[in-house]
Amino acid sequence: MPSAKKVMATVFWDHQGLMLVDFHTRGATANAASYCSLLDQLCKIIRRKRPGLFSKDALLYDNARPHKALVTRDLVQRFRWNILEHSPYSRDLSPSDFHLFGPLKKQLAGHHFRTDAEVQEAVVKWLRDLNPDFFYAGFNKLVYRLNKCFNNHGNYVEK
């Protein structure tokens, strides 16, 4: 039986849990306009879910073109968010890469989904069912890895 193809998602989470999941439309190009739209949604979610933390927010992301675009930088500045950047190709400093996606792939392994909607539903359910301690542990790992990188004078950090 054929199964759904890969589905691309953007996931925002913090030390307390899931904030936002957005699934990319198949064939659509991720660009600054679509990324800014996501950041606008995220801003509203943060104000609703974490109102006391809003002024202290920071985003950690890579140097993809939509993240570096002038319109994106202007929006982030307007929200007064800090950007924590990491070196290109440093998956060991991306919490979603080293903490979230591995367990998600294990959860989905062996399942055959006929449609993108089935995949999306399974992903969202898994993310929502995670214990808040899972997210907290991811941030603890990030702090450890950032300290290790800092102590190595910014050099690539291995697991």
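Where in the chain's secondary structure is the place of Thr 10? Thr 10 sits in strand E1, residues 9-14. Before going further, a word on what kind of model this is.

This is a predicted model, with residues numbered from 1 along each chain as its sequence is written. Local features need a pLDDT of at least 70 and side-chain atom pairs count only at pLDDT 80 or more, while totals for chains, interfaces and linings use all residues, and side-chain values use heavy atoms, with hydrogens and water left out.

**The overall picture**

The protein chain has six helices and four strands. Both are DSSP runs numbered from the N terminus, with helices (H or I) needing at least four residues and strands (E) at least two. Follow the sequence along and you get the pattern β-β-α-β-α-α-β-α-α-α. As for confidence, pLDDT is the predictor's own score for each residue, from 0 to 100. The protein chain averages 84, and 85% of the residues score at least 70. Among the elements, strand E3 (residues 58-61) has the lowest mean pLDDT, 76, and helix H5 (residues 116-129) has the highest, 95.

Out of 159 residues in the protein chain, 37% count as buried. Here buried means under 20% relative accessible area, exposed means over 50%, and partly exposed is in between (1.4 Å probe, protein chains only). Contact means heavy atoms within 4.5 Å. Of the contacts in the protein chain with a separation of 6 or more, 64% are between residues 24 or more positions apart.

**Residues worth a look**

Here is how some individual residues come out for accessibility.

| Residue | Relative accessible area | Class |
|---|---|---|
| Thr 72 | 0% | buried |
| Phe 135 | 3% | buried |
| Tyr 61 | 9% | buried |
| Thr 10 | 18% | buried |
| Gln 41 | 35% | partly exposed |
| Leu 70 | 54% | exposed |
| Arg 80 | 69% | exposed |

Back to Thr 10. Its side chain makes a polar contact with the side chain of His 24, at 2.8 Å. A polar contact is a pair of N or O atoms within 3.5 Å; within protein, one must be able to donate a hydrogen and the other to accept it, and residues adjacent in sequence count only if both atoms are side-chain atoms. Leaving out residues up to four places away in sequence, Thr 10 touches Leu 20, Val 21, Asp 22, His 24 and Leu 38.

Thr 72 is the other threonine to click on, and it belongs to helix H3 (residues 70-79). A polar atom of the Thr 72 side chain lies 2.6 Å from the backbone oxygen of Pro 66. Not counting residues up to four places away, Thr 72 touches Ala 32, Tyr 35, Cys 36, Leu 39, Tyr 61, Pro 66 and His 67. Tyr 61, one of those partners, is in strand E3. From Tyr 61 to Ser 94 the C-alpha distance is 7.4 Å, across 33 residues of sequence.

Leu 70 is also found in H3. Gln 41, for its part, is in helix H1 (residues 32-49); its C-alpha is 9.9 Å from that of Met 19, 22 residues away in sequence.

Then there's Arg 80, in the loop between H3 and strand E4 (82-85). Most residues other than glycine have a negative phi. Arg 80 has a positive phi of about 60° although it is not a glycine.

Phe 135 is in helix H6. The C-alpha atoms of Phe 135 and His 15 are separated by 5.0 Å, yet the two residues are 120 apart along the chain. Aside from neighbours within four places, Phe 135 contacts Trp 13, Asp 14, His 15, Gln 16, Gly 17, Leu 18, Leu 127 and Leu 130.

How do helices H4 and H6 pack, and at what angle? H4 (residues 95-108) and H6 (residues 132-151) pack at about 145°, with axes 9 Å apart. Axes are lines fitted to C-alpha atoms, for helices over the stretch in contact, and angles run from 0 to 180 degrees between N-to-C directions. On the H4 side, Pro 95, Phe 98, His 99, Leu 100 and Pro 103 meet Phe 134, Ala 137, Gly 138, Lys 141, Leu 142 and Arg 145 in H6.
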